[in-house]
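Student: Could we go through this one together, starting with a single side chain and then widening out?
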Amino acid sequence: PEEIPPPSSINGLKDLLTVLSITYDIYSAIIVDLPISVEVSGNGHILLKIVNNTLISDNITNSYVYLGNHNDVILLPINNSYSVRIIGSANTNMSVSVVYANSSKLILNEFNNITVKKGTVLLLPSTKSNTMSVNMSGGLPKQVQAKTMELDVKQVLNQTSQNENAQVTST
C-alpha cells in the first residue's frame, strides 16, 4: 500500500475514524485516556513506550504517536501484530478504543469506564482482541469485554465529507 502520512494532530475518536477511513489498509490505532503509561510489544519485546504522556521510545517503523491533553493516540502499521500493556497512573475511570480494518469495514472495540488505580495493569493481547485483561491488585485478572461496532469505510468518509461541506446559518 502507498504510504499516506497522517495529519499533524488527531483530536479524539471522530478524527481517528476519519484518518483510518482513508488509511485503513496501512494502520490500526489505539486511543487511550490519560493518565497512563503504555507499552506496545511485538515478538516479546517492548517496541514503543509512553510514560505520563511522554514518548520514551518508539522503535516501530512508520508508527505515529499523538500525545494529547485527554488521551494519547497511537497509529501502528498493520503488517505486524502487537500486544498492548497499559498501566494506570492514578485512581480514575478510563477508556481504551482500538480500531482496525477488516475488508472494507473498520472494527471499533471500545473498552469504556474501566476503574483503575495507580499500578493497575490492563493487557490487550492483540490490537484485534475484543477482550482485555484488567489486574488491579496483583491477584487474578478480570476479563473485560469490548463494545464492538463495525463501520463501513465509505460511510465514515461520506459523513466526514458532509460535515465539512455543512454551513452554519443563524436565524
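Tutor: Let us begin with Tyr64, which at 25% relative accessibility counts as partly exposed, where buried means under 20% relative accessible area, exposed over 50% and partly exposed in between, with a 1.4 Å probe and protein chains only. This is a predicted model, in which local features need pLDDT of at least 70 and side-chain atom pairs count only at pLDDT 80 or more, while totals for chains, interfaces and linings use all residues. Residues are numbered from 1 along each chain as its sequence is written, and side-chain values use heavy atoms, with hydrogens and water left out.

Student: How many aromatic pairs does the structure hold?
Tutor: There is 1 aromatic pair. The ring centres of Tyr27 and Tyr64 are 5.8 Å apart and their planes stand at 80°, so the pair is edge-to-face; rings of Phe, Tyr and Trp (its six-membered ring) pair if their centres lie within 6.5 Å, and planes under 30 degrees apart count as stacked, over 60 as edge-to-face and the rest as tilted.

Student: And where in the chain are Tyr27 and Tyr64?
Tutor: Tyr27 belongs to strand 1 (residues 27-33) and Tyr64 to strand 5 (residues 64-67), so that the pair links distant parts of the chain, 37 residues apart. Strands here are DSSP runs of E with at least two residues, numbered from the N terminus.

Student: Is Tyr27 buried or exposed?
Tutor: Tyr27 counts as buried, because its relative accessibility is 1%.

Student: Switching topic, in what order do the strands of the open sheet run?
Tutor: The 7 strands follow the order 4-3-2-7-10-11-12, and the pairing is antiparallel; two strands pair if DSSP finds at least two bridges between them. Strand 4 (54-58) and strand 12 (142-145) stand at the edges, each with a single partner strand, so one side of each is left without a neighbour in the sheet.

Student: Which residue stands opposite Thr131?
Tutor: Gln145 in strand 12 does, and strand 11 (residues 131-135), antiparallel to strand 12, is joined to it by 4 bridges.

Student: Last one: where is Thr120 found, and what does it touch?
Tutor: Thr120 is in the loop between strand 9 (105-116) and strand 10 (121-124), and it counts as buried because its relative accessibility is 0%. Leaving aside residues up to four places away in sequence, Thr120 touches Ile86, Ile87, Gly88, Val134, Asn135 and Met136, a contact meaning heavy atoms within 4.5 Å. A polar atom of the Thr120 side chain also lies 2.9 Å from the backbone nitrogen of Lys117.

Terms used:
A polar contact is a pair of N or O atoms within 3.5 Å; within protein, one must be able to donate a hydrogen and the other to accept it, and residues adjacent in sequence count only if both atoms are side-chain atoms.
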